[in-house]
Amino acid sequence: MRIFVTGASGFIGSAVMPELLGGGHEVVGLARSDASAEALRSLWADVLRGSLDDLDVLRDGASQADGVIHLAFNHDFTQFAAAAQTDLRAIESIGRALEGTGKPLVIASGLVGLAPGQVVTEDHPFPSGANSPMGPRALGAHAALGLAERRVRSSVVRLAMSVHDDIKRGFVGTLIDIARQKGVAGYVGDGSNRWPAVHRLDAARLFRLALESAPAGSIWHGVGDEGVPLKEIAENIGRHLNVPVASIPAEDAAAHFGWLALLIGADAPASSARTQELLGWTPTHRGLIADLEQGRFFIETEGKN
Ligand SMILES: NC(=O)c1ccc[n+]([C@@H]2O[C@H](COP(=O)([O-])OP(=O)(O)OC[C@H]3O[C@@H](n4cnc5c(N)ncnc54)[C@H](OP(=O)(O)O)[C@@H]3O)[C@@H](O)[C@H]2O)c1
């Protein structure tokens with residue numbers, strides 16, 4: 001199939017690309033800059049120039065493809081609501097181009113705040129209001145799932161909070177940066193709250209499998225580690241950076257963690273049992289702690305997260 005991929009130049013997208021090509025697909029990647037276009041060409045993809053705000057470009061890319069994987073998202077979390085709105089408009093535009101065709105659309109989403117205190121399964125719905133940490137972003141997921149009624153084979157891959165490899169940035173990279181800046185590897189409370197994780201290459205394979213066979217309106221979980229206690233993550237960071245590990249009092253969390261304070265206490269364990277059974281997906285790559293133990297994570301990300 002010829003697949004239109006947004007976010008193809010990103011951390012996960014750059015692993016999805018070879019996964020698709022290796023599966024016999026052709027790829028057209030959306031690129032908003034020369035650097036991203038060059039990165040895509042170096043991965044053997046065709047390039048469609050434009051941004052998520054260029055809705056005509058998104059419609060063209062989708063209508064000329066046999067399927068779409070939508071990964072692009074603005075990760076400036078201080079602009080989260082605006083980014084979620086952009087995401088929603090992009091999904092609606094891609095959806096209009098695909099409706100009535102039965103073609104696949106797979107989008108990425110997250111797992112935070114879906115079922116506090118429980119292990120989140122594929123059965124847990126997205127929240128309907130905007131009052132959870134995931135609130136505004138859930139609108140895009142609802143829009144994608146709703147396309148199933150308009151003959152789009154749409155599905156949503158809910159990714160673990162930490163998608164990682166041995167040099168990964170992301171939320172754990174942000175925690176490392178904060179530990180460097182503050183001289184303390186912090187957690188909140190007793191640190192028993194759990195962050196799920198998945199290796200980037202396992203996540204990439206899941207996107208291909210969902211593209212190829214997910215039924216319309218389905219939800220899948222890109223989760224390898226069900227939940228890693230935050231204290232264990234902080235202890236690992238403290239050991240590698242040689243800084244103390246400490247619980248940060250709730251009243252100091254915003255000053256210490258910045259925007260990550262919204263997520264730092266999240267207890268979001270999640271299962272991928274259904275995904276593994278029905279899509280035949282098995283996470284085979286290293287878990288988060290094993291990746292952290294590689295140490296490269298700390299050396300090669302210095303100043304880059
Ligand atoms: N990484 C994680 O831990 C994690 C966890 C849960 C969910 N997710 C979701 O998985 C998806 C992929 O994440 P990622 O980690 O690969 O993200 P990333 O490394 O930040 O890459 C983001 C991608 O989106 C593109 N992009 C951002 N804003 C754009 C815009 N306005 N127009 C066009 N392209 C735009 C970027 O293009 P440029 O190359 O031009 O910057 C880049 O290709 C996202 O939806 C993310 O929210 C990720």
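## Helices H1 and H7

In this predicted model, helix H1 (residues 13-22) and helix H7 (residues 200-213) have axes that come within 8 Å and cross at roughly 50 degrees. An angle of that value lies between 35 and 65 degrees, so H1 is counted as oblique to H7. The crossing in which H1 passes H7 is right-handed.

On the H1 side, the contact is made by Ala 15, Val 16, Glu 19 and Leu 20, while H7 contributes Arg 200, Leu 201, Ala 204, Arg 205, Phe 207 and Arg 208. Sorted by class, the contact of H1 with H7 comprises six nonpolar and four charged residues, with no polar ones.

## The sheet

Seven strands form an open sheet in the order S3-S2-S1-S4-S5-S6-S10, and their pairing is parallel. Strand S3 (46-49) and strand S10 (218-222) are at the edges, where each has a single partner strand, so one side of each is left without a neighbour in the sheet. From one strand to the next, the twist averages 20 degrees.

## Strands S5 and S6 with helix H5

Within this sheet, strand S5 (residues 104-109) and strand S6 (residues 153-159) run parallel and are joined by six bridges. Ile 107, for example, has Val 156 in S6 as its bridge partner. Helix H5 (residues 135-146) packs on the sheet and touches both S5 and S6, with its direction making about 160 degrees with that of S5.

Key: Residues numbered from 1 in each chain as written. Predicted model: local features only at pLDDT ≥ 70, side-chain atom pairs only at ≥ 80, totals over all residues. Pairing = 2+ DSSP bridges. Helix = DSSP H or I, 4+ residues; strand = E, 2+ residues; numbered from the N terminus. Axes fitted to C-alpha atoms, helices over the stretch in contact; angles between N-to-C directions. Contact = placed C-beta atoms within 7 Å. Parallel < 35°, antiparallel > 145°, perpendicular 65-115°, else oblique. Left-handed = near helix turned anticlockwise from the far one by under 90°. Nonpolar A, V, L, I, M, F, W, Y, C, P; charged D, E, K, R; others polar.
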